[in-house]
Amino acid sequence: MQIRKIPIHYARANMTIAENIYDSMGLLLVTEDTALTPRIIIKLKLHGVNQIGVYDYRKEIDTFVDEQMTYLDRVRQTKTFKSFQVDFSKSVDEFRKDINEVVTNNKEIDIPKLTHELDRLLAQNVTGSSMFEMLQCMREYDDLTYVHSLNVGLICHVIGGWLNFSKEDNYLLSLCGLLHDVGKLCIPKKLITKPGKLTAEEFTTVKAHAYRGYEILKKQNIDERIKLAALMHHEKCDGTGYPDGLKSEQIIDFAKIVAVADVYDAMTANRVYRAGLCPFDVIELFESDGLQKFDPKFLLPFLERTSESYINHDVYLSNGQKARVIMINKAALSKPVVQVSQQFIDLSQRPGLHIRAIL
Ligand SMILES: [Fe+2]
């Protein structure tokens, strides 16, 4: 049978995998001859798999890819996005300069200046999940630590708003997001951007960024929570995180929120797939794998608000039909009630049918 290499965003349920697929650490994700399911496809995207070999390739999916690009393309055409884009690149440049001075020359962190950079973007008045869409459209810049840090800072600000944080706390939370990965600047860039598998030794080096970040920030006269967020943002509530395998009650709240924003940004990032995962894919992943790892007190409001923001949006279902999101299911946030023509479909009652893309 003919093997065809296809980009991961062309993958569809029931295609048959023609090779073993590994993640960047060399762990086996899927074995040869597995029939793809929506869940496996999401998992592969999450692990940064860009291309897979399959036995059966269907031409009709090209139409789907075109449709899927439409929504973000439309966002890119808006005046708000164009203006956001200009300010975003200014903020990234400033942040890059400021933070390099801190890391290489031990310069004191200028918190008012960093807050100003956040303010420049927040002044655009992009609220809620529209901010996430803007950030997703900024992907063409690059995926390096600076852009990711700014994204996480802004996502944290949105989450802080949803959690009704005071203005002061929300700025502090955003700064935690902005500085959480500062330790990555001490890790060789070739490891951060390495496309292939990391060796066990390389992975240990990359993981050290949490401690390295804390070491850098420890010397600074800044709020303790910013330092601890850098140290703890890879800890997981069930104790499976790093560097110290802390449990939920040992992890500070701000680090838990940064962890949600960090993973959300990574899931929707360029390296996974140009247009990012569909927000409902991301919600499903968090629902299926995240409830033990992230604090539900922060994760659930985040998922709920993200999901709600797509009410009245047109979407593309996995069976190829177009639908409109009508109502969110609190017990299954990735599976809302949708309308197709005159018919209402509760996706939580329809296993195998899910939202493939926002139109
Ligand atoms: Fe990190």
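Trainee: Are Asp181 and His233 buried or exposed?
Mentor: Asp181 is buried, and His233 is buried too. Buried means under 20% relative accessible area, exposed is over 50%, and partly exposed lies in between, with a 1.4 Å probe and protein chains only. Before we go on: this is a predicted model, where local features need pLDDT of at least 70 and side-chain atom pairs count only at pLDDT 80 or more, while totals for chains, interfaces and linings use all residues. Residues are numbered from 1 along each chain as its sequence is written, and side-chain values use heavy atoms, with hydrogens and water left out.

Trainee: OK. Which residues coordinate the iron ion?
Mentor: Asp181 (OD), His209 (NE2), His233 (NE2) and His234 (NE2) coordinate the iron ion, at 2.2 to 2.3 Å. Donors are N, O and S atoms within 2.8 Å of the metal (3.2 Å for Na, K and Ca), and water is not among the atoms, so sites may look incomplete. Along the chain, the donors follow the spacing D-x27-H-x23-H-H.

Trainee: Where does His209 sit?
Mentor: His209 is in helix 10 (residues 209–218). At 1% relative accessibility, His209 counts as buried. Leaving aside neighbours within four places in sequence, His209 is in contact (heavy atoms within 4.5 Å) with residues including Asp181, His233, His234 and Tyr242.

Trainee: What about the peptide bond from Tyr242 to Pro243?
Mentor: That bond is cis, with omega near 10°. Pro243 is in the loop between helix 11 and helix 12. Most residues other than glycine have a negative phi, and most peptide bonds are trans.

Trainee: Which residue other than glycine has a positive phi?
Mentor: One of them is Asn106, with a phi of about 55°. Asn106 lies in the loop between helix 3 (79–105) and helix 4 (111–122), and at 52% relative accessibility Asn106 counts as exposed. Asn312 also has a positive phi, near 75°. Asn312 is in the loop between helix 14 (296–308) and strand 5, and at 53% relative accessibility Asn312 counts as exposed.

Trainee: How many bridges join strand 5 and strand 6?
Mentor: Strand 5 (residues 314–317) and strand 6 (residues 322–327) pair over 3 bridges, in the antiparallel sense. Asp314 stands opposite Arg324 in strand 6. The hairpin of these strands has 4 residues between them, and Gly320 there takes a positive phi near 95°.

Trainee: And what pairs with strand 7 on the strand 6 side?
Mentor: Strand 6 itself pairs with strand 7 (residues 337–340), antiparallel, over 3 bridges. Val325 stands opposite Val338, and Met327 has Val337 as its bridge partner.

Trainee: Last one, helix 1. At what angle does it cross helix 13?
Mentor: The axes of helix 1 (residues 38–46) and helix 13 (residues 279–290) cross at roughly 95° and come within 11 Å. Axes are lines fitted to C-alpha atoms, for helices over the stretch in contact, and angles run from 0 to 180 degrees between N-to-C directions. Helix 1 and helix 13 are therefore roughly perpendicular to each other; that term covers 65 to 115 degrees, with under 35 roughly parallel, over 145 roughly antiparallel and the rest oblique.

Trainee: Which residues of helix 1 are buried?
Mentor: Ile40, Ile41, Ile42, Leu44 and Lys45 are buried in helix 1. The buried residues of helix 1 pack against strand 2 (21–22), strand 3 (28–30), strand 4 (51–54) and helix 13. Gly48 follows helix 1 and has a positive phi, near 80°.

Technical notes. Pairing = 2+ DSSP bridges. Helix = DSSP H or I, 4+ residues; strand = E, 2+ residues; numbered from the N terminus.
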